[in-house]
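Hi,

Here is the structure I promised to pass on. Have a look at it first, then read my notes below.

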Amino acid sequence: MESLFAQARAIREEQYGKEVFFRGLIEFTNFCKNDCFYCGVRAGNRQIERYRLSLEQILLACKTGDVLGYKTFVLQGGEDPFFTDDHIIEIVSSVHKAYPDHAVTLSIGEKPRESYERFFAAGASRYLLRHETANEEHYAKMHPASMSLAYRKQCLFTLKEIGFQVGAGFMVGSPFQTPQTLLEDLRFLEELQPAMVGLGPFIAAANTPFADKPSGSLAQTLRMIALARILLPKALIPATTALGTISPEGRERGLMAGANVVMPNLSPKSVRKLYALYDNKICTGDEAAECRFCMEGRIRKFGFTPSMVRGDAVGFSTKKPSRAI
Ligand code: SAH
């Protein structure tokens, strides 16, 4: 495993040096119409308190992020019908207008092509939509019959066609995952050639059908990060919060295995705990500034350089990296 990680690290260094890009994550709604069996904010979970951020709250989170130096805002949420396309466009264009040099990333699930086109026109340039698993049978064991892998994949290709920098990915150690399904996940990434790859361990969430399932392992997640890096040298790969949740230095180990992005939280502290995709999520008690500086310290300790540049994927448009902090 060490030699696998060393190889992945060398490739990452060739492409991105020692820089680790920061993205400010704003979790703006935990309402969701979907019922994914693994997810703590699934519609069927009646035990959790739901919240939505207003446009003003979102803009305030961006302002906090901007002061802290962030150049990317990631707006993530459940598939919340309250936020119509017009709503999302209002949010995206307001953020884009206030911060024209910043990247706006959306992560709000499956939408028709027309909606994606309008979000892109409004100023969103990146979209995260993990495929979750590239195996049909496996997909059917993790989602209700109303959801389909074919549609999810189609969304990813559509997003790419429109011009988004697209992020796919999957949970490692999700229930019913096998070496075969993992291989299919990697093959799918190879086919899609996404700009970003989101990988984190599955972690059980209370009051879900998978509440008693074991979590994905650190070792297996690191292995997948390294393989993703080797397969897609230019990809932006985050060391995820879930990785930090299963192991105290999980995110740092992720960077050592080839990851090159971190996504500290910018959501208001009051709602942090409520965006509970899984149990025992870390960093829910910290202010945005604490997360920002905690992460910087962790990164430096492992010999990497925190970077607040916009950090587009190599080979993808716009501004060149300039200033490391
Ligand atoms: N609604 C958006 C955002 C989903 S949340 C969408 O559909 O893309 C972001 C990611 O969190 C999901 O894609 C999933 O891979 C991950 N996630 C959900 N439940 C999880 C769990 N129990 N453990 C680990 N990761 C989880």
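Which polar backbone atom is 3.0 Å from a nitrogen atom of the ligand? One belonging to Tyr-38, which counts as a polar contact (a pair of N or O atoms within 3.5 Å; within protein, one must be able to donate a hydrogen and the other to accept it, and residues adjacent in sequence count only if both atoms are side-chain atoms).

Before you go further: this is a predicted model, where local features need pLDDT of at least 70, side-chain atom pairs count only at pLDDT 80 or more, and totals for chains, interfaces and linings use all residues. Residues are numbered from 1 along each chain as its sequence is written, and side-chain values use heavy atoms, with hydrogens and water left out.

Back to the ligand. It has 18 residues around it, counting those with a heavy atom within 4 Å. Tyr-38, Gly-77, Arg-130, Glu-132 and Ile-203 are the closest. Gly-77 has a polar backbone atom 3.0 Å from a ligand nitrogen atom, and for Ile-203 a backbone N or O atom lies 2.7 Å from one.

Gly-77 also falls in strand β3 (residues 72-77). Strands here are DSSP E runs of at least two residues, helices H or I runs of at least four, numbered from the N terminus. β3 runs parallel to β2 (residues 24-29), joined by five bridges; pairing takes at least two DSSP bridges. Glu-27 sits opposite Gln-76 of β3. In β2, six of six residues are buried, meaning under 20% relative accessible area (1.4 Å probe, protein chains only).

Cheers

Methods:
Buried < 20%, exposed > 50% of the residue type's maximum accessible area, 1.4 Å probe, protein only.
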